[in-house]
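Open the model in your viewer and keep the selection tool ready. Each stop below says what to select and what is there.

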Amino acid sequence: MIGFDSAHDRRGRPAAAQGRVALVGAGPGDPELLTRRGAMRLAQADLVLYDALVDVRVLDLAMSARRFCVGKRAGRPSVSQAAIIRLMIRAARRGQQVVRLKGGDPFVFGRGAEEALALSAADIPFEVVPGVTSAVAAAGLAGIPVTHRGTASAFLVLSGHAADTYEPLLRTFTPHSVTIVVMMGLRHVGHVAATLVAAGWASSTPAAVIAAASMPDATVETLTLGRLQRQRVRGHDGPVTVVIGDVVRLRTTLAPEAPEGASECGLRGVK
Ligand SMILES: C[S@@+](CC[C@H](N)C(=O)[O-])C[C@H]1O[C@@H](n2cnc3c(N)ncnc32)[C@H](O)[C@@H]1O
């Protein structure tokens, strides 16, 4: 069952007797990019299970909640998906208001659907609170629109891990007709670039490597598809999204002004 307003669960029991779970998208990092509904659910929460990278200022909105990080942190393994689901279900059955807080949007490479399906199967009332996905926000904050009339009429968001899925897809698009957004792909982006070049994209196609978008140490590096293919992209501390396509050229006009001290390839705190 989706939505907090419904008075009964799927089996007709009063929903109020049971706790509830909100799957909340926290946005790309900056707390100002959290939705108002997300902030409201955090304020109402008894328990918050959050992923790594969620800003402490977002967590501070959950004033009366117990908070547990269930994501990968400082090299420690994350809590298993099964354990997270068990924790949510157990707390909701005790009548608690649970927030499962995820980076970006819960349904974009966030395993949010798996959790929603498990809650549904367990008859736990739940709600999805969409978040600003970094698939679009990382580019936007760097002055890159993912679509632009006459330049890119669509965009494809892919996981760098999933070569079996993206390789045939990348071969079907007319070169340069779409924008490619690569998530979770720093180690694999060379292969994405090679696949595009093999499919007819020019080596001079611009690309942007955007790290820690919306966070204080955000960086943006622009390069070409050819370089992306040949060179290993250097390490970044924060999460990285790579945008490939002619829309990247718009950054020279649309990028927010770099504050003092920023280098020509970065917005802030370039390492
Ligand atoms: C597991 S996926 C989760 C995506 C998330 N659900 C969303 O909608 O943004 C994690 C990937 O999102 C991207 N990402 C998340 N936050 C980011 C940020 N602030 N800047 C750049 N990329 C980010 C990176 O590609 C990272 O590897």
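Buried means under 20% relative accessible area, exposed over 50%, and partly exposed in between, with a 1.4 Å probe and protein chains only. Helices (H or I, at least four residues) and strands (E, at least two) are DSSP runs, numbered from the N terminus. This is a predicted model: local features need pLDDT of at least 70, side-chain atom pairs count only at pLDDT 80 or more, and totals for chains, interfaces and linings use all residues. Residues are numbered from 1 along each chain as its sequence is written, and side-chain values use heavy atoms, with hydrogens and water left out.

**Stop 1: helix H7**

Select residues 189-198, which form helix H7. Its buried residues are Val 189, Val 192, Ala 193, Thr 195 and Leu 196. Why do they sit on the same side of H7? They cover an arc of only 160° around the axis; the arc is that of the directions from the helix axis to the C-beta atoms. An α-helix has 3.6 residues a turn, so residues three or four places apart point the same way.

Gly 200 follows H7, with a positive phi near 110°.

**Stop 2: the ligand**

Next, pick out polar pairs (N or O atoms within 3.5 Å). A ligand nitrogen is 2.6 Å from a polar backbone atom of Val 108. The ligand taken alone exposes 570 Å², and the protein buries 84% of that.

**Stop 3: two loops**

Center on Val 108, in the loop between strand S4 (97-102) and helix H4 (112-121). Val 108 is partly exposed, at 29% relative accessible area. Leaving out residues up to four places away in sequence, Val 108 touches Thr 133 and Met 183.

Select Phe 109, in the loop between S4 and H4. Phe 109 is not a glycine, but has a positive phi of about 45°. Finish at Met 184, in the loop between S7 and H7. Its phi is also positive, near 50°.

Notes
Polar contact = N/O pair within 3.5 Å; in protein donor to acceptor, adjacent residues only side chain to side chain. Areas by Shrake-Rupley, 256 points an atom, 1.4 Å probe, with all protein chains shown as cover. Contact = heavy atoms within 4.5 Å.
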